[in-house]
Amino acid sequence: EYGGSFGNRIRLLLQIIENVQQQWPSGLPLFVRISATDWSDNEDSWNIGESIKLAGILKAKGVDLIDTSSGGIVPHVKIPVGPGYQLPFSAQLKKETGIFTGAVGMITEAKQAETILQNEQADMIMIAREMLRNPYLPLIWARELEESIGWPPQYIRAKL
């Protein structure tokens, strides 16, 4: 039921989305995180073509944004890790389906993140690991980009 064909492989996700939407407030956005590719040449592995097809279905089902990650589950696959290495998947899903996307994958600098947004390769930057290292990163990046954003009132006296 949940493996093999494309329809079977997306069945569980679609069932989850349907159940979530029954409980989720209609005014709040619904995000889904996918692995856009397994990075494997094996014909049975998940690939960007299937992700594009899935993204179109998710958009039609009311998903607002796809958080676009990749790989990590197929043993012995070499993933070309480097700054922004997963960005092409986000950009391609966005371009080919029109769905909003979130970019991940070693986005560690303010100018890098801003360039991604300005080039419309993604609509949101997910900075999970960098945020774990530095929870004040958005405030620091705003300063680097000369953007004025509000600081938590408790921190005003300690502002960088």
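**Entry 1: salt bridges.** I looked up the salt bridges and found that the structure holds four of them. For my notes, a salt bridge is a side-chain nitrogen of Lys or Arg within 4 Å of a carboxyl oxygen of Asp or Glu. I am working with a predicted model, where local features need pLDDT of at least 70, side-chain atom pairs count only at pLDDT 80 or more, and totals for chains, interfaces and linings use all residues. Residues are numbered from 1 along each chain as its sequence is written, and side-chain values use heavy atoms, with hydrogens and water left out.

**Entry 2: E50 and R9.** I began with E50, whose side chain meets that of R9 in a salt bridge at 3.8 Å, N to O. I then checked where the two sit: E50 is in helix α2 (residues 48–60) and R9 is in helix α1 (residues 6–23), so the pair links distant parts of the chain, 41 residues apart. Helices here are DSSP runs of H or I with at least four residues, strands are runs of E with at least two, and both are numbered from the N terminus. Are these two buried or exposed? E50 is buried, with a relative accessible area of 17%, while R9 is partly exposed at 29%. My cut-offs are under 20% relative accessible area for buried, over 50% for exposed, and partly exposed in between, using a 1.4 Å probe and protein chains only.

**Entry 3: D123 and K94.** Next I looked at D123 and K94, whose side chains form a salt bridge at 2.8 Å, N to O. D123 lies in the loop between α4 (110–118) and β4 (124–125), and K94 lies in helix α3 (residues 87–97), so this pair ties together parts that are 29 residues apart in sequence. I noted D123 as partly exposed, at 31% relative accessible area. K94 counts as buried, at 17%.

**Entry 4: E130 and R133.** I turned to helix α5 (residues 128–133), where E130 and R133 are three residues apart and therefore separated by about one helical turn. Their side chains meet in a salt bridge of 2.9 Å, N to O. I looked up both accessibilities: E130 is buried at 17%, whereas R133 is exposed at 59%.
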